[in-house]
Amino acid sequence: MMATIRPREDSDIPTCLRILDAVYKSTGYPVGGVNNSVSFFTKNETAWVAEVNGMVVGHISLTKASSENVAVALWKQRYPEDIDIAVLGRLFVHPESRRGGVASRLIETVIEESRRTGQRLLLFALVKDQDAIRLYRRMGWNHFGSTIFRWGNNNEMAAECFANPVFL
Ligand SMILES: CC(C)(COP(=O)(O)OP(=O)(O)OC[C@H]1O[C@@H](n2cnc3c(N)ncnc32)[C@H](O)[C@@H]1OP(=O)(O)O)[C@@H](O)C(=O)NCCC(=O)NCCS
């Protein structure tokens, strides 16, 4: 399955919302649910989609670091002088298009962009998302700590934090 990666356009968002619905039903991602998922595709991010046979099947984003992100918060506790950080997020692939390298290509695109801009690249994954955690480990990301992600009304789950090894 050869995926083409290209920048996301506003016209892709309805398709991304449909894919996210299917991802939530099959995988429970994102844990906050999809009732308010338009806000999932915020404007202050750089985002890409993956196409297979001309159809969008996956999505990823790169955002500027915010301390609200649990991986960024943990990293800054350890390296407060490190300020130029970007965050990989919003990664999902349609359940019928998985295990063909689509996410790997999306992740490589984000790594390439952060390398180009010279930003350190971090992410976190909830422990329930073991497919993602296995993939990050296999691609050589460094696990730098465990933390707790909180959402909604007193929900929480353990999360694993990773840094891309390019600048380590
Ligand atoms: C995690 C997720 C994005 C992975 O997407 P994907 O497109 O299936 O990922 P890839 O195909 O690149 O890699 C998945 C596996 O397929 C394998 N694979 C990749 N190309 C392959 C091919 N051509 N043939 C056989 N296997 C292949 C990879 O080696 C990897 O194996 P692993 O599970 O042992 O690590 C997807 O499962 C998903 O959307 N999950 C729900 C949302 C989520 O968890 N997002 C991340 C939150 S942090």
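# Close-up views of a predicted model

**Figure 1. The whole chain.** Among contacts in the protein chain between residues at least 6 apart in sequence, 67% join residues at least 24 apart. The model shown here is predicted. Four helices and seven strands make up the protein chain. Read from the N terminus, the elements follow the order β-α-β-β-α-β-α-β-α-β-β. The C-alpha trace spans about 45 × 40 × 30 Å along its principal axes. A compact globule of 168 residues would have a radius of gyration near 15 Å, and the protein chain agrees, with 15 Å. Of the 168 residues, 33% are buried.

**Figure 2. The largest nonpolar core.** This core has 42 residues. Which of them touch the most other members? They are Ile60, Ala71, Val87, Leu88, Leu106, Leu122 and Leu123. Strand E4, residues 85-93, gives the most to the core, with seven residues. Now look at Val87. Leaving out residues up to four places away in sequence, Val87 touches Thr63, Ala65, Asn69, Ala71, Val72, Leu122 and Leu123.

**Figure 3. Helix H3 and its buried face.** Helix H3 covers residues 102-117. At 1.5 Å a residue, its 16 residues should span 22 Å; the end C-alpha atoms are 23 Å apart, which agrees. Val102, Ala103, Leu106, Ile107, Val110 and Ser114 are buried in H3. Seen down the helix axis, the buried residues fall within an arc of 130°, so they line one face of H3. An α-helix has 3.6 residues a turn, so residues three or four places apart point the same way. Glu112 and Arg116 are exposed, on the other side of H3.

Figure 4. What covers the buried residues of H3? Several strands take part, including E1 (4-7), E2 (45-52) and E3 (55-64). The cover also includes E4, strand E5 (120-126) and helix H4 (130-138). Follow the chain just past H3 to find Gly118, where phi is positive, at about 75°.

**Figure 5. The shell around the ligand.** How many residues lie around the ligand? There are 20. Arg98, Gly101, Ala103, Ser104 and Ala125 come nearest. Helix H1 (13-27), E4, H3 and H4 each supply at least two residues of the shell. H4 gives the most, with five residues.

**Figure 6. A cis peptide bond at Pro30.** Most residues other than glycine have a negative phi, and most peptide bonds are trans. The bond that joins Tyr29 and Pro30 is cis, with omega about 0°. Where is Pro30? Find Pro30 in the loop between H1 and E2.

**Figure 7. Positive phi at Asn53.** Asn53 is not a glycine, yet its phi is positive, at about 50°. Asn53 sits in the loop between E2 and E3. Is Asn53 buried or exposed? Asn53 has 10 other C-beta atoms within 10 Å, so Asn53 is exposed; the cut-off for exposed is 12 or fewer.

**Figure 8. Positive phi at Asn154.** Asn154 is a residue other than glycine with a positive phi, near 65°. The loop between strand E6 (142-151) and strand E7 (155-163) holds Asn154. Asn154 has 6 other C-beta atoms within 10 Å, so Asn154 is exposed.

Definitions and conventions:
Residues are numbered from 1 along each chain as its sequence is written. This is a predicted model: local features need pLDDT of at least 70, side-chain atom pairs count only at pLDDT 80 or more; totals for chains, interfaces and linings use all residues. A nonpolar core is a set of buried Ala, Val, Leu, Ile, Met, Phe, Trp, Tyr and Cys residues joined through C-beta atoms within 7 Å. A residue is buried if 20 or more other C-beta atoms lie within 10 Å of its own, exposed if 12 or fewer, and partly exposed in between; C-beta atoms are placed from the backbone. Two residues are in contact if their C-beta atoms, placed from the backbone, lie within 7 Å. The radius of gyration is taken over C-alpha atoms; the globule rule is 2.2 Å times the number of residues to the power 0.38. The expected span of a helix is 1.5 Å times one less than its number of residues. The arc is that of the directions from the helix axis to the C-beta atoms. A residue is near a molecule or strand if its C-beta atom, placed from the backbone, lies within 6 Å of it.
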